[in-house]
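I opened the model and kept notes on what I looked up.

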Amino acid sequence: MASTKFTNEFTYRRLLEAGEEQKFDSMFEEALKSAKAGFGARNPMYIGGREVYAGEQLEERSPIDHGILIGQFQKGTREHARQAIAEAKRVFPQWSSTDYKERVSIFRHVAELFVRDKFKLAAVLSYENGKSRYESVGEVDEAIDFLRYYADELERNKGYIRKTSISQSSGKVQLGFQGAPSGSERITISMEPYGVFGVIAPFNFPVSISVGMSVGAMITGNTVVFKPSSTDNMSMLTGLYIYRLMKEGGVPDGVFNYVTGPGSEVGDELVLSNDVAGIVFTGSRATGLKMIARTFSAGNQKAFIVEMGGKNPAIVSKYADIDKAVDGAVSAAFGFAGQKCSALSRVYVHESIKEIFISKLLERTRAIKVGNPLAKENYMGPLISESAYRRYAESVDKARASGRMLYGGNKVSTGLDGFYVEPVIVELRHEHELVHTELFLPFLTIETYNDFKDALRMANDVEYGLTAGLYSKNRREIKEFTKGIQAGTVYINRSTSATTGAIVGMHTFVGWKGSGLTGKGTGSRHYLPQFMREKSVSLTE
Ligand code: UN1
């Protein structure tokens, strides 16, 4: 196991390579029908394995068309969060002392259930947040990869327990001091779970990121209160689906609790409770920093594992393969309408190739179809919410006032009740506010440079440091970029995407600077240790 290479799920790729793309489409389309049949229900929360209903409901509607009612969910309160924390705390002693091999086998089983329900879950996901079939199935694949990869890691590290010993010294001293000849000791160094983790999930990857964060916490022996995104950008049905698969896979009641409700109630209780030992969060920098400040200023202390957004650059050098750069930029900037932390939002292109790069970029962007993401041909679906649309309209106004609009800026009419917009490409000076603020929109700014050092300087000159791309065949530039770029997840000459699409077990997905806190990434070897603290016990007999 230790030496074998990790195998990713890669559903679409496998079917495509086997000449079975049609099967991919028919399975997804079949799943859309059965997913829809389950919509509109009144759904409970699950606390300690029991169904719990709140006084008020949240109505979740599809961003594809607000006429589609996904379901009624519970508007959980602080009190519900407290109950869930109490349940998670109650079962922690037992869960944390189960043999790690048992936890490995539970989550491997859960992975198989995700494989079984892959298309159904992907269909729900597409309805719920407007992803295309490729993005949705890819996301469920990523969740399966996280489950398997973390199980492999726990096993490879033998549950993070290490034994050492010191033999009896023949020299004798009366009193001990640092460095004194020691007696015989047997030492166990173990990594121990913290306790209850609050898992606070984003709307944009409600399956893979929710599963990755939750499994990271649980497989290492912590228990979880899971809060899906539920205020403005809702993803509570995939959250519920995840709960059900965890339960079916053998996660005991109370170890994984599903609590829906506003961040100001449920999230805030998780942050403030003394019974919550850690928070794992993916979302905006503003929310992340607020949670951390609130915890510590209340005299409370917790482990925080946070990923907090990006403003990701790509440099297109005069030594670039321009077609590759164009392909990589378009998919990174406009895939899932730019609503990824990893999305490309800034291009720095060498002055000498600017015109040709822009003309090819526009040609490719013109070919992007915006519309109902359930239809195979549409690459870009809707924005997630009205507030995202307002941000789009305001950003477009600002861009028109101070830059050269190259593409887009308008609403797209689809006949659906959703916020469909054109991708935006705008030439803007690096100093402009829109080049520094995370927008979470299909919005790409372009700036030129002459000297590679300036390109690198501008690429680094934002508060974030998540992903970054370079297109250049020049060895010196590649070296300079590799060494100098201040970002955790870096891609060079990648035509599939300039900045998005990290692969579990291959890359690590990690934010530097304002994009993260621990400097350790997901889908990588250093992820799990963050959910534990070391303990060294020396026994002299
Ligand atoms: C995010 O948008 O929060 O590498 C993360 C990627 C995805 C993760 C995106 N696996 O694009």
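Helix α12. I checked the length of α12, residues 354–366: 13 residues at 1.5 Å each should span 18 Å, and the end C-alpha atoms are 18 Å apart, which agrees. The expected span is 1.5 Å times one less than the number of residues. Helices (H or I, at least four residues) and strands (E, at least two) are DSSP runs, numbered from the N terminus.

Provenance. This is a predicted model, in which local features need pLDDT of at least 70 and side-chain atom pairs pLDDT 80 or more, while totals for chains, interfaces and linings use all residues. Residues are numbered from 1 along each chain as its sequence is written, and side-chain values use heavy atoms, with hydrogens and water left out.

Faces of α12. Which residues of α12 are buried? I found K354, F357, I358, L361, L362 and T365. They cover an arc of only 130° around the axis, so they sit on the same side of α12; the arc is taken from the directions from the helix axis to the C-beta atoms. An α-helix has 3.6 residues a turn, so residues three or four places apart point the same way. E355, E363 and R366 are exposed on the other side. Buried means under 20% relative accessible area, exposed over 50%, partly exposed in between (1.4 Å probe, protein chains only). The buried residues of α12 pack against β12, α11, β13, β14, β15 and β16, where contact means heavy atoms within 4.5 Å.

Domains. I noted a division into domain 1 (11–39 + 46–56 + 68–167 + 183–308 + 519–540) and domain 2 (312–503); the bounds come from an automatic or database domain assignment. Their C-alpha centres lie 30 Å apart. The contact takes 22 residues from domain 1 and 21 residues from domain 2. I counted 4 salt bridges between the two domains, a salt bridge being a side-chain nitrogen of Lys or Arg within 4 Å of a carboxyl oxygen of Asp or Glu.

Salt bridges. My search of the whole structure found 39. R108 pairs with D152, with the closest N and O atoms 2.9 Å apart. This pair links distant parts of the chain, R108 in α4 and D152 in α6, 44 residues apart. R108 is partly exposed at 27% relative accessibility, whereas D152 is buried at 16%. E463 and R285 meet at 3.3 Å, N to O. E463 lies in the loop between α14 and β17 and R285 in helix α10, so the pair ties together parts 178 residues apart in sequence. I also noted a network of salt bridges linking R78, E79, R82, D268, E269 and R294.
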